[in-house]
Amino acid sequence: MPEAVSSAERTARRPRAPVTRPAWLRLPEQPMARHLVLGVLASAALFAVSMAVGSYNDYQLAQIGINAVAIAGLSVLVGTNGQISLGQGAFVMVGAYGAGLVLVHTKLPVALALVVAVAASGAFGVVIGVPASRLRGPYLAGMTLALAIGLPAVTIKYRGVFNGEEGLSINPLVPPGGVDPQRWLSWVVLASVVALLVLVANVLRSRFGRAFRAVRDDEVAAALVGISVARTQVLAFAVSSACAGLAGGLLGLATGIVNPGGFSIVLSISLLAGMVVGGTGSIVGAWWGAALLVYVPQWSSTIANHLGLQSGQSSNVALLFYGAVLVVVMLVAPSGIQGGLQRALAALSRRPAAASGSGRGAGVVAARQPVGATQVSSGLPEDELPGGSG
Amino acid sequence: MPGLQVEGLSVRYGHVDALIDVSMAAPEGRITAVLGANGAGKTTLLRSITGLVRPRAGTVRYGATNLVGVAVEDVVRRGVAHVPEGRGVIQQLTVEENLRLGALWRGRSERRRQLEEVFELFPLLRERRQHMASSLSGGERQALALGRALMAQPDVLLLDEPSLGLAPMVTAQLMARLVQLVADAGTTVVLVEQNVRTALSIAAHVVVLNLGRVVVDDRADAVAADAQLRRHFLGF
Amino acid sequence: MDLTLDGVTNGAIFAAVGLALVLIWRATRILNFAQGAMAMISTYLAATVVEHHGSYWLAVAVALASGALIGAVVERLVVRPVERRPPLNAVIVTLGLLVVLEAVAGLVWGGGLRSFPAYFSQVGLRFGHRRVAFSDFDAYVLVAIIVVLGVLVVLFRFTDTGLRMRASAFEPEVARLLGVRVGRTLTLGWLLAAAVGALAGVLVAPRIFLSPNYMDAVFVYGFTSAVIGGLDSPPGAVVGGLVTGLALSYVGGYVGSSLEDLGALVILIAVLMVRPQGLFAPRAERRV
């Protein structure tokens, strides 16, 4: 019988040329250390940026940081774990009110209030995650949508606690010594955000992260190797909502006010837009999306002014832009900015293309029947796979 | 009624070559069997004839037309019927609805006439006409799939493993019906089969694929007589 | 009693929206988050017609026609490219569309509330010496929706087009092999669904006033209805609509109206906990 060696098999067998970099430039192999180093580098970079720019831009940096952690959390849930959630805004709200209530009613330090925000939101994530773990696709999307639309009403129903539409007012952070308050705010925000994201990155690299991805890619297969699908889904929700909680707590500190109006469905949709544009599933991509969310309202105000529209219309222009971005990006570049960058980088470093070709990690080259076998790789588009014995 | 002429057909999925320069002819009014091991490219061949898969090179001549590049729906409307692997019976519809689907683009009276003919050919379908297709057995489903393909009175009939999952006796009946059909209507049949003996017994022409290439293209009686060839490629 | 009647009429509208969602889901396996927004735009167009020409029925016709057109255009341009891709893409695309449509409405017609005529009297009918919370208009709403349902049933069960649509929804590849122009059929499905949605938009506008996001809540309730019945089941959407309408009516009446949205959420979660695939859905098998 003629031997079956297809081109795919030959490529898979070819030894990879090792990519060498000088020792001092290489990042440590071990994930925790690697992430710590990246975190420190990122912090240093952000610190430098913060020092270089004026106080208003510091405020924007803080906003970007807040958005980034919320988006990153969403990215973990949607991108890494494959659960569609339209309710991230609701979790941000829980964190905001959590921290807000602590700051308003107690004398506890800000750090503790933020911890409460993360914990409260994380816990709520578990509460929502349990029923959500039974749902898939559009059912899950609809449930989270209903959550995003319905939860703000609680603050109005229980006026006594939450102070209704007026909301809670938060005292601004008191900076030490002679530091500018906005600058101090941005440092606090960025430090806590980077810290949490380093932890999240570690989780993603750990067996939990692998479980997230396994469940996303093939639930049945994951269950067959002993992964508890439901528990994984709930954990993903918890991680995602914890990130949102931090965002909410920081949001209260930044804006000085926590009220239901700030947590409408628009927030959830904006976070989703930011995630998609930045690159779903990417923590770095979350920062691109976060920046977009901060600058779009400014740009649209400018555009609205140029067009001579009333001031109220600038929000419509912003929304129009968001919506258009969502649609266009999905049609044209579904992997967002980060995806595009990764492809560009890969093309530039000109590594031998893996037989699988897809970004889903090492493609498994599956052997079929030994006689007359053709190797079929995993990255093929569904509609072109040969059916059955063909 | 024209036969089918395939020339230089090449199909690639990603990095994998499923069909490599395949040329074969299905003489008109005859049954041509397409045989080969799993993964040899038999289903791919049928799918590229109908247009479900786009070949990178080659032509499929049907009469004066090249079918490559023509939309699936149009290929079918021109007289090529394809019963896919797994039969493609739509479970949520009734037997009669499945059959009607086979020729929706034809006129009502013509459809009614064809329905009657199909019921003549497969009386069991008439009995079950209002039942859900999901309630049929394997053999009945095959009859339904075949009947549905016949509704359009096709010139060319592509069958992908019709005997799959069927008891030997049912298979024998099915094949007998097929032979009768060809004799009566002069349909050109391309039959992909794993059941080699059965296929050889009713085919006039045989094509054997191996790893995407044609390795045998000959009259059925010549193939059946060549013991070495049979052993090498067909396993008996 | 009043609550019940109110619940039924509202339920009919939710059923219509739910039905539109089910139609699209069955045809293309996509949940159209922009359904409400599409209906909103059609209703705004109808309102413009009323303001300039005064004829209610012409306005309704415009709403239905524009709805159908919007549905067809959206399917062709925006949805077709993502039909084969992972579901997340379609979710985001339809969400993006929702946002775009609401923003456009805000820019074109302004964010303020507008009234929409009812044509029929909205005053409660008299039964003996009691006034019931059921008016001529409510009767018209019910009749209109029942008629639409009837038309759809006839279309799907008894016509060739309906057969094509069902086949394309169940097994698109097999349908192609049977000569069905699946692409056109899908466009038709979206067209019909959008028209049904537009009707719902027109019927609900007189009561809750027109604004760029007036259909948001209706969409959520419509979605709830569809889910309760099971996304694959048109009669399920109708039953789900009634259930949702009645439940919300009772929640609003006995507990307090500000909690209606939350009420929908609770109902949704409750149903999905018990039967994640909806009440009327066939048992789904897990293929290993």
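Biologist: What counts here, and how are things numbered?
Modeller: Residues are numbered from 1 along each chain as its sequence is written, while chains are lettered from A and ligands numbered from 1 in the order in which they are written. The model is predicted: local features need pLDDT of at least 70 and side-chain atom pairs count only at pLDDT 80 or more, but totals for chains, interfaces and linings use all residues.

Biologist: What are the ipTM and pTM?
Modeller: ipTM is 0.88 and pTM is 0.78.

Biologist: And what is the mean pLDDT of chain C?
Modeller: Chain C has a mean of 84, with 91% of its residues at 70 or more; pLDDT is the predictor's confidence in each residue, from 0 to 100. Over residues 284-288 of chain C it stays under 50, and the model has three contacts beyond four places in sequence for that stretch. A contact is two residues whose C-beta atoms, placed from the backbone, lie within 7 Å.

Biologist: What secondary structure does chain C have?
Modeller: Chain C has 11 helices and two strands. Helices (H or I, at least four residues) and strands (E, at least two) are DSSP runs, numbered from the N terminus. Along the sequence the pattern of chain C is α-α-α-α-β-β-α-α-α-α-α-α-α.

Biologist: Why call chain C as compact as a globular protein of that length?
Modeller: Because its radius of gyration is 19 Å, close to the 19 Å from the globule rule for 288 residues. The radius is taken over C-alpha atoms, and the rule is 2.2 Å times the number of residues to the power 0.38. The C-alpha trace of chain C spans about 65 × 45 × 35 Å along its principal axes.

Biologist: Now the A-C contact. How many residues are in it?
Modeller: 38 residues of chain A are in contact with 41 residues of chain C. On the chain A side, the largest share, 11 residues, comes from α6(A). That side of chain A divides into 28 nonpolar, seven polar and three charged residues. Ala, Val, Leu, Ile, Met, Phe, Trp, Tyr, Cys and Pro count as nonpolar, Asp, Glu, Lys and Arg as charged, and the others, Gly among them, as polar.

Biologist: What does α6(A) pack with, and at what angle?
Modeller: Helix α6 (residues 137-150) of chain A packs with helix α9 (residues 215-229) of chain C at about 140°, with axes 11 Å apart. Axes are lines fitted to C-alpha atoms, for helices over the stretch in contact, and angles run from 0 to 180 degrees between N-to-C directions.

Biologist: Which residues meet there?
Modeller: A:Y139, A:G142, A:L145, A:A146 and A:I149 meet C:D216, C:V220, C:F223 and C:V227. By class, that contact of α6(A) with α9(C) has seven nonpolar, one polar and one charged residues.

Biologist: Switching to chain B. What is the strand order in the sheet of six?
Modeller: The open sheet runs β6-β7-β8-β3-β9-β10 (chain B) with mixed pairing; two strands pair if DSSP finds at least two bridges between them. Its edge strands are β6 (80-83) and β10 (213-219) of chain B. Strand β9 (residues 205-210) of chain B runs antiparallel to β10(B), joined by six bridges, and B:V206 stands opposite B:D218.

Biologist: And the sheet of four strands?
Modeller: That open sheet has the order β2-β1-β4-β5 (chain B), paired antiparallel.
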